[in-house]
Amino acid sequence: MAHLKLNLILFGLNILFRYCAWKYPEFKRLLTEKAFTAVIRTKDGSVARWYRFGASGYSSGAGRQDNAEVVMTFKTAAIGAKLLMPPIDQLEQINALKDFVITLEGPEEEATWFTQTIVRTQSIGWKYGVDQGNGVRRYTQMTNGGPIFAYVKDDKIIRITPIEFDETDPKPWTIRARGQEFTPPRKTTLAPHGMNWKSMVYSPDRLLYPMKRVDFDPNGERNPQNRGKSAYERISWDEALDFVASEIKRAKTVHGPGAIVNSHGSHHTWGNIGYYLSANFRFVNAVGMTRVHHNPDSWEGWYWGAVHHWGQSLRVGQCETYSGVQDCLENAEMIVFWSANPEGTSGAYGAMEGTVRRNWLKDTDIKIVHIDPYFNDTAQMLGGKWIAPRPTTSPALAMAIANVWINENLYDKDYVETKTKGFDVWKSYIMGDDDGIPKTPEWAETECGVPAKDIRALARDWGTKRTYLGAGGWGNGHGGACRNATGIQWARVMVCLIAMQGLGKPGVSMGNLQWGTPVDSNFYFPGYAEGGMSGDLHHTAMAVELYQRMPQLPSMNTVEQSIPRLQLPEAILEGKAEGYVWDGKSMQAQFNKISYPKPGYSEAKMLYKYGGSIFGTMSDTNRHVEMYRSDKLEFVVNQSIWNEGEAKFADVILPACTNFERPDISEWAALGGYAHHGQTQLNHRVVVFQHQLIKPMGESKSDYNIFLELSKRLGLGAYFSEGISELDWAKREFEASDLPTIISWREFIRKGYCVIPNPPEELRDPVAWRWFYEGRKKDVPEPMPLPSDYSEEYLKGLQTQSGKIEFECESLKKFDANDEDRPPIVKYRPSWEGPKTARAENFPLQMITPHPRFSFHTQGDGKDTFLNDIEEHRVLIDGYYYWVIRINPEDARARGIKMHDIVKVFNDRGAVLCGAVVTSRIIPGTMHGYESCAIYDPVGEPGKSVDRGGCLNQLTPPKSQLKKGHSMASSSSMVEVELWNEADSGTIIREQVSYSMAAE
Amino acid sequence: MKKWNAIIDVEKCNGCHLCTLAVKDEYVGNDWPGYSAEMPKHGHDWINIKQKVRGQAPLVDAAYIPVTCQHCDDAPCLKAAKNGAVTKRDDGIIIIDPEKSRGQKQIAESCPHNSIFWNEEKEIPQIWTFDAHLLDDGWTGPRAQQVCATGCFKTVKLEDSEMKKLAVEEGLEHLNPEHDTKPRVWYKNLFRYRDCFIAGSVAAESDGIVDCVEGATVSLKHNGDQVGAAETDIYGDFKFDQLPENGGDYIVEITAEGREPHSFKVTLGESQSFSDIMLT
């Protein structure tokens, strides 16, 4: 019976090939692409059928054809029949592969082609997009800044727009509060970098062909010292891939495991399959590479500091925010935006979804206060009281507020008594009982520059009102002051303040209307951090839910060596580096130390760089330039979309296409993992099928296909791809989600998007922290902390040892009670990169470098895109688009600087040319310029000369916020600025870089 | 006959530039025959966002204003054009024909709102067309409105009489009324960009401690008349807005219980902030 069934299925496959070839010319062409014979058979040969492909035509017949190039073998006919009988069960397929009851032999190219062609019979007839007449079709895509409709005609993108919902899409939610009804408009929004995408696709800086540095000869002189200087020549894909594959083999055979290091940026594209945490991780794991261990770059203070007071390790130290929008609008009397600029940072992934909600504040009597050295975009839009401390001094300001609250009985004593621990210890520090220095407003004024009277007024205002504390761009963290040298202190003291006011009480919580909308958090669609097709259970959040839903072969990096990212240059140049891990599993996981090199592994000799450049995002990045020009890196390959930043330092460049040029699937603001339920930033959950809008530009290929081509050269083609294409992977992810319960695949890929219906009012998420305030078991829908991290009973209390908010942290007492970087209670220690340090003598201005408003990481900047014309992003002076630096009129006047002068911003780490914007939105003594510039454009020798591109991170301190951590402190640095003098030699003299400097 | 009007609320604009990016997305690389030729990738700001920062830190505010072709009913460009290169559609929209206008630089120079851009390469004057090609294709509004997340940029298609009524109700104004070109673009809360303020923070000392003075009465006088009254908030702050630039001399008078009355003169050029007013 099984024999007959399998025979029939194999015959059916033949018919299917013929039918598809008859119906679809594209498929007919496909069948002539390769010339070979494939056989599908049982192990004993009792059932077998051959399929022959080639220019002379397709044919098939029964029989084994022992000389066939590709052979797919099932152990028995029963197994074959079961696995091939539609509907295909993915779990059974994966299990069969794992159990070796199905095997695939033959040359990689043909074998992968054969399985992909079988699967192609399913997708060849799919119809995408909606006809708009006149040859225009409307498709959908996703950007980091929101989903879009794309209007396409003749392989050209005509326009991209936000998605306006049609009458069949679900109704929006309504929040009833203060006798009003608040309902968001029925469309999606875009961040500026999202609206900019067409110009990124058609950028003249696109890499269109594989290239090789002209003076790089893998078999002769490699000339690493010329990286960043030498020109490139076009080579074929075969040459490029052969170079890279042979260098991978060479690194492993000559130097051994660990010799290849993978450095990836974050978020240069969007899409769950072709993502860095997805296809890239599967490839890296399959090859075995030293990982560059990322620091929690946007959350530093929360992860290394706040965690110890309230747990939340799996959220990088940021707290739950469920239903915060309802609670805030209904119950709050005031919002304090502290180092929080959600209008300028779009919630990172949330476009302008929060804007309409914050605008609702104008219809209420909720008071608004902004605390930031810069009169930021949120302050500009909402108005309110602006309190402007000097950068890095917010902890002192916060402690003075606590001092007033204690003196004037303006805090919730009952809450502090019952829900927290260790308050008295901190109180004695705040009141000066232990060190003789009461942390009064007058004391704080000398640190932060905010008049004591204003601090007292703020403390009284806040202490008498139910107040939401919106700290950082998400309101519960993210960006801002957590990234400077006192970032850990700041995040810690934020927790202390909100605890004093009764966190969880109606109207008292963390948030600034950026998170916590009443969308359906129970509807499952995976976030990017869940790893897509990575198979990686260790370094993604796949294990939580996606792995069970989307069966796939696991992948595991056998190279356990990693390099702490902040010391990547030191690791290469000096051969050693140290740091601590970013691992959210528990509060204690961060106490694990990483040392490089790891015993038994090779030092890194080859760099596989993927994605956006980190010259603009890491700290003191002339170090990175120096690293590239060292002979210690024998080979550098860069897989990049645009010719910018680090790509110009590679030996071989592999041109990738954008996600507009390949299929994928994703939901916006769906992060998963460390930002569980990120979709609650949205007014509408929208999952998008990312249509391939146009053919890849030039000869560029999708990241997936580049990895696949390399995999084939390493014998890993079938393992990497599981025999299918990225389109098929997208369908697998669709099936793994809850989408099939509300939309068919065919309708989904036609319409392109699906709006997830909102739950009825009575089924909305419980309000964050209310369970804690009311002493109930945890009831918000997050799988954190892990069960063993509860001290008493599961779901009872917090992750801390006491289960309470700890003013004095038990975890820190145990780890190192005498650590001056991070004592058990939060204390104020002025920044080592601040106005009261010796550095300030030569470099008296504090420069803050927050997350950019118009671009995202390096996305959108440079590349000759539309963003260049936004004068708050770059400013055109004498034919060059300069990065913007904001300076107060007083400081500008003292230096003879006028609006839109070219200025040199410098210190002993480097010098960067910028366009000056003279504005009262920044306080005297302080300058403001975004981090994340994409361009690095040295006027002379790379690493030794002034950068005209705008990489302000060349000037930022490389030192970690704390020795026993791995935490960048780059968002505030001491600099000087002067008018650019054309006669300037353009060279820079750097202070000696050493491993110890970054480590200490 | 209903005609198109744009209503821009200056108080709502947060300078995100989505409208300017949407315009580039629509017109760069796209030719819309009969409506517009391709927009140059750089150098043209068919919708141009300008910023005005008022006052001195920390008593500042900042406003953005999108400026674009005002689609004037009495448009100087109409008069400046030869061969009928500029036309006024029945729905109020101005169109500069990309063919007929070739070489007619005087059209660009005629605009008192500086909203006609000269395309050096094509030698034609160009404007934001209100996305007329899309409206004619059934779109319900231009892309600037579609992409605007703050609600700053709105368009309405109304009878002129209805629009006039709405303008009165909502306090809408024109950008450069002195030119009297009868624009179809209206501005709300224009004072945020055009006018000045006088703001201050009031404090006083008691027992060696300086505190903000809440509830102080502040009045503003000009030419002997009281033109404003305010009460300080918990931060001791007051603000008089909607004062004309270069408005001359003003007197600020502050009285607070138990304190000496305090007054000072302000000669108004631009907005002024007085962060440390001490009462004795």
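Guide: Contact here means heavy atoms within 4.5 Å, and on that basis the interface in this predicted model draws 53 residues from chain B and 54 residues from chain A. Residues are numbered from 1 along each chain as its sequence is written, while chains are lettered from A and ligands numbered from 1 in the order in which they are written. Local features need pLDDT of at least 70 and side-chain atom pairs count only at pLDDT 80 or more, whereas totals for chains, interfaces and linings use all residues, and side-chain values use heavy atoms, with hydrogens and water left out.

Visitor: What pLDDT does chain B average?

Guide: Where pLDDT is low, the predicted coordinates should not be read in detail. pLDDT is the predictor's confidence in each residue, from 0 to 100; chain B averages 97, with 100% of the residues scoring at least 70, and the complex receives an ipTM of 0.98 and a pTM of 0.97 from the predictor.

Visitor: How much area do chain B and chain A bury between them?

Guide: The size of an interface is often given as the accessible area lost when the parts come together. Buried area is what two parts lose in this way (1.4 Å probe), summed over both; chain B and chain A bury about 4,200 Å², 54% of it on carbon and sulfur atoms. On the side of chain B, Leu21(B), Gln146(B) and Tyr235(B) lose the most area to chain A, together 16% of what that side buries.

Visitor: How many salt bridges are there between chain B and chain A?

Guide: A salt bridge is a side-chain nitrogen of Lys or Arg within 4 Å of a carboxyl oxygen of Asp or Glu, and the count between the two chains is 6. Lys41(B) pairs in this way with Asp864(A), the closest N and O atoms being 3.1 Å apart.

Visitor: Which parts does the salt bridge between Arg282(A) and Glu722(A) tie together?

Guide: The closest N and O atoms of Arg282(A) and Glu722(A) are 3.1 Å apart. Because Arg282(A) lies in helix 9 (residues 276-287) of chain A and Glu722(A) in the loop between helix 25 (717-721) and helix 26 (726-736), the pair ties together parts that are 440 residues apart in sequence; helices are DSSP runs (H or I, at least four residues), numbered from the N terminus.

Visitor: Is Arg282(A) buried or exposed?

Guide: Buried means under 20% relative accessible area, exposed over 50%, and partly exposed in between (1.4 Å probe, protein chains only). Arg282(A) is buried at 0%, and Glu722(A) is buried at 13%.

Definitions and conventions
Helices (H or I, at least four residues) and strands (E, at least two) are DSSP runs, numbered from the N terminus.
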